[in-house]
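Please look through the structure shown below together with the report that follows, which takes up a few parts of the chain in turn.

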Amino acid sequence: MNYELMIALIGFAFVSSITPGPNNLMLMASGANFGLRRSVPHMVGISLGHAFMVFLVGLGLGQIFALYPQAQLIMQTLSTAYLLYLAWKIANAAPPKEGETGGKPFTFLQAAAFQWVNPKAWYMAIYAVTNYTPEGAGIWPAIFVAGVFAATNQPSVAVWAGIGTQIKRLLTRPRLLRIFNWTMAGLLVLTLVPVWLS
C-alpha cells in the first residue's frame, strides 16, 4: 500500500470511528450510567470486534451481500430489531439509588458481537476493504486494514465514554439521568434512518 493510500485509510478509519453512530452513542450512555472504568470492556469489545469483522470482510465475507442480495435485507431487519431493543433498554434504565449502580454495562463479548448487527460497522468494513485493498490481495492487506481500524478506533470510542463520564457530573438527579437516557435512546433510533433510506 502506498503512502497516500495509507494516509487516506487512516483518515477514513479515524473519521468513521469518532463520528456519532450506535457504538459511540451507547458508549456515551455507558459512561454516564456506569463510569469510564466499568465501560472499558465495552470499548475494547468494540475495537477488537470491529477489527475482526474488517479482517473477515477483507478475506471475502462481504461478497455474501453481492451474491445474495436478500441477505442484506435480513441483516437490516435484524439490526433494526436489535437496535430498537437496545434503545428501549437505554431509555428504561432505572437510575441508580444512592451508592448503587443500576444495570450492567456491555461486556467485551457483547460489544464485539454487537458489531455484526451494527449497520455503521458493516458500512465502515465494506467501504474500507473495497477502497483500500486490492481485490484478491490475500491475508496481509486484510490484517493491515483491520490493524489500522483497531488502532484508530480505540482512542475514538474512549472519547465518547469519557464525554459520558463528564456528563454524569451534571446528572445529579434521577430525573436528569432519565431524560439523558431517553435522549440517547432517541438518537440511537435515529441512526437507523440512513439504513432504510440507502
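Tyr82 is a residue of helix 5, in a model that is predicted. Is Tyr82 buried, partly exposed or exposed? Its relative accessibility is 29%, and because buried means under 20% and exposed means over 50%, Tyr82 counts as partly exposed. Although Tyr82 and Val117 are 35 residues apart in sequence, their C-alpha atoms are 7.4 Å apart in space.

Leu73 also has its place in helix 5, which covers residues 69-91. With a relative accessible area of 48%, Leu73 is partly exposed. From Leu73 to Val129 there are 56 residues in sequence, and in space the two are 21 Å apart, C-alpha to C-alpha.

## Helix 2 and the residue after it

Helix 2 takes in residues 22-34, 13 residues in total, and from its first C-alpha to its last it reaches 17 Å, which is close to the 18 Å expected at 1.5 Å a residue. How many of the residues of helix 2 are buried? The count is 13 of 13, and the helix is accordingly described as mostly covered.

Just after helix 2 comes Gly35, which takes a positive phi of about 90 degrees.

## A nonpolar patch on the surface

Which residues form the nonpolar patch on the surface? They are Leu59, Ile139, Trp140 and Ile143, and together they have about 430 Å² of accessible area. Helix 8, made of residues 139-168, gives the most to this patch, with 3 residues.

Ile143 lies in helix 8, and its relative accessibility of 36% is the reason why Ile143 counts as partly exposed.

Phe12 is placed in helix 1, which runs over residues 3-18. Since its relative accessible area is 14%, Phe12 is buried. The C-alpha atoms of Phe12 and Val189 are separated by 24 Å, and the two residues stand 177 residues apart along the chain.

Tyr123 is found in helix 7, which consists of residues 119-132. Is Tyr123 buried, partly exposed or exposed? Its relative accessibility is 49%, so Tyr123 counts as partly exposed. Along the chain Tyr123 and Gly45 are 78 residues apart, while their C-alpha atoms are separated by 18 Å.

## Confidence in the model

For a predicted model, a careful reader will also want to consider the confidence scores. The protein chain averages a pLDDT of 86, and 91% of the residues score at least 70.

Which element of the protein chain has the lowest mean pLDDT, and which has the highest? The lowest value, 70, belongs to helix 10, made of residues 193-197, whereas the highest, 95, belongs to helix 6, made of residues 108-114.

Notes. Residues numbered from 1 in each chain as written. Predicted model: local features only at pLDDT ≥ 70, side-chain atom pairs only at ≥ 80, totals over all residues. Heavy atoms only, no water. Helix = DSSP H or I, 4+ residues; strand = E, 2+ residues; numbered from the N terminus. Expected span 1.5 Å × (residues − 1). Buried < 20%, exposed > 50% of the residue type's maximum accessible area, 1.4 Å probe, protein only. pLDDT = per-residue confidence, 0-100. Patch = residues over 30% accessible without salt bridge, like charges linked within 9 Å, V, L, I, M, F, W, Y side chains within 5 Å. Areas by Shrake-Rupley, 256 points an atom, 1.4 Å probe, with all protein chains shown as cover. Salt bridge = Lys/Arg side-chain N within 4 Å of Asp/Glu carboxyl O.
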